[in-house]
Amino acid sequence: MQKISIHDEDKLKEFLSQNKIPPFRYSQIENAIYKNFITDFNKIETIPKDLREKLKENFFYDSLEIDMQKTSENGQTTKILFKTKSPHPNPLLWEEREQYEYIEAVIMRHLTGRITLCVSCQVGCPMWCSFCATWKLGLKRNLEFYEIVEQIMYAAKLVNEQGGVLRNIVYMGMGEPMLNYDNVKKSIDIATAQKKINIANRRVTISTCWIVPGIKKFTLDFPQTSLAISLHAPNDEIRSKIMPVDHTYPLKDLMKALDDYVQKTNKRIFYEYIMINWVNDNIILADELWKLLKGRLAHVNFIPYNPWEWTSSDWFKPTPRFIIEKFQNILEKYWVVSTIRATMWDDIDAACWQLANKKD
Ligand code: SAH
């Protein structure tokens with residue numbers, strides 16, 4: 001019989017009721033897993049031994065294994081490479097029965113004391129953004145909700161052991177969250193449930209390259225969760241060149257969906273703008289950008305482009321800092337708020353967008 005993830009609340013409750021186990025046992029298990037970070041069912045001492053045995057027979061805690069874990073020299077960033085068993089092994093690779101896929105998560109410890117986890121939601125990505133390393137893998141599959149939750153639990157436990165608390169999650173790792181909506185939704189529900197991981201809704205951020213129908217659903221389901229949009233250019237002409245998704249959902253459709261989101265939620269949207277030299281950093285674009293965002297609840301996050309051997313456009317270069325600052329000054333004049341994202345992970349290749357499977 002196939003085992004079930006312990007994070008599957010409905011199935012766990014169903015199992016307990018079928019076995020005539022009183023419902024308070026559920027709370028004890030939940031408490032042990034999420035509050036005491038117990039990973040071995042044998043060690044849940046609040047429940048009887050035979051129930052621990054039953055859990056072991058029917059449920060699993062880890063579907064992911066840790067393949068590698070690396071912390072940057074300054075201690076600010078930890079990159080975790082998870083290995084997951086592919087549910088669809090390639091029959092042509094007959095010599096290797098057990099096939100694995102790799103996904104990554106990154107813990108970022110900011111100088112302010114804030115600790116953020118960047119998680120992956122797909123193995124690979126289908127979006128083909130030309131500056132990004134992940135799509136080179138193609139889309140292998142969606143992650144199950146529990147594979148996302150396991151990344152969070154692993155990091156939460158690690159941070160806890162180091163005396164900290166994980167309070168922020170960004171869905172900015174491998175994959176496009178809006179294309180794995182149901183699993184992402186379930187994982188957010190578990191991350192934000194008070195009796196489970198208990199992360200405040202507004203401290204969870206979904207980053208999307210603007211799949212419009214997904215944003216509409218998201219508005220209804222998660223009015224409190226934060227939204228980041230990978231904008232990267234203020235007009236369709238440039239955007240569509242670097243992000244093919246723009247052909248399907250041009251700027252005007254996106255901005256309409258985002259205006260609806262802001263109207264319903266009154267939440268500020270984060271607009272991510274990678275600065276790539278000679279591609280999207282002509283100073284004229286700063287004017288287009290403030291015109292696009294003026295009057296909207298917006299925060300622009302400029303991301304210095306991270307050159308990376310796997311990107312399709314090897315000639316892409318990061319924009320010099322002074323040009324990014326010029327952009328900022330222009331936006332500021334028109335009351336559009338912006339920041340420049342700090343890069344803190346250079347020595348370990350752990351930028352979220354570099355989460356490509358080097359093992360392939
Ligand atoms: N698919 C989602 C989430 C993953 S990308 C999305 O598009 O938002 C997370 C962020 O990293 C996005 O803003 C993405 O555009 C950015 N990014 C990708 N490649 C990058 C690179 N080489 N340098 C800097 N930022 C990059």
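This is a predicted model: local features need pLDDT of at least 70, side-chain atom pairs count only at pLDDT 80 or more; totals for chains, interfaces and linings use all residues.
**View 1. Domain 1 and domain 2 of the protein chain.** The domain assignment places residues 4-60 in domain 1 and residues 67-348 in domain 2. A distance of 33 Å separates the C-alpha centres of domain 1 and domain 2.

**View 2. The area buried between domain 1 and domain 2.** Together, domain 1 and domain 2 bury about 1100 Å² between them, and carbon and sulfur atoms account for 64% of this area. On the side of domain 1, His7, Tyr34 and Phe37 supply 53% of the area buried against domain 2, more than any other three residues. In terms of contacts, 12 residues of domain 1 meet 14 residues of domain 2.

**View 3. Salt bridges and polar contacts across the interface of domain 1 and domain 2.** Two salt bridges are found across this interface. Between domain 1 and domain 2, five residue pairs are in polar contact, with both residues of each pair at pLDDT 80 or more.

**View 4. The side of domain 1 that touches domain 2.** Helix H2, spanning residues 24-35, contributes the most to this side of domain 1, with five residues. Sorted by class, the side of domain 1 that touches domain 2 comprises five nonpolar, three polar and four charged residues.

Technical notes:
Residues are numbered from 1 along each chain as its sequence is written. Side-chain values use heavy atoms; hydrogens and water are left out. Domain bounds come from an automatic or database domain assignment. Contact means heavy atoms within 4.5 Å. Buried area is the accessible area (1.4 Å probe) that two parts lose on being put together, summed over both. A salt bridge is a side-chain nitrogen of Lys or Arg within 4 Å of a carboxyl oxygen of Asp or Glu. A polar contact is a pair of N or O atoms within 3.5 Å; within protein, one must be able to donate a hydrogen and the other to accept it, and residues adjacent in sequence count only if both atoms are side-chain atoms. Helices (H or I, at least four residues) and strands (E, at least two) are DSSP runs, numbered from the N terminus. Ala, Val, Leu, Ile, Met, Phe, Trp, Tyr, Cys and Pro count as nonpolar, Asp, Glu, Lys and Arg as charged, and the others, Gly among them, as polar.
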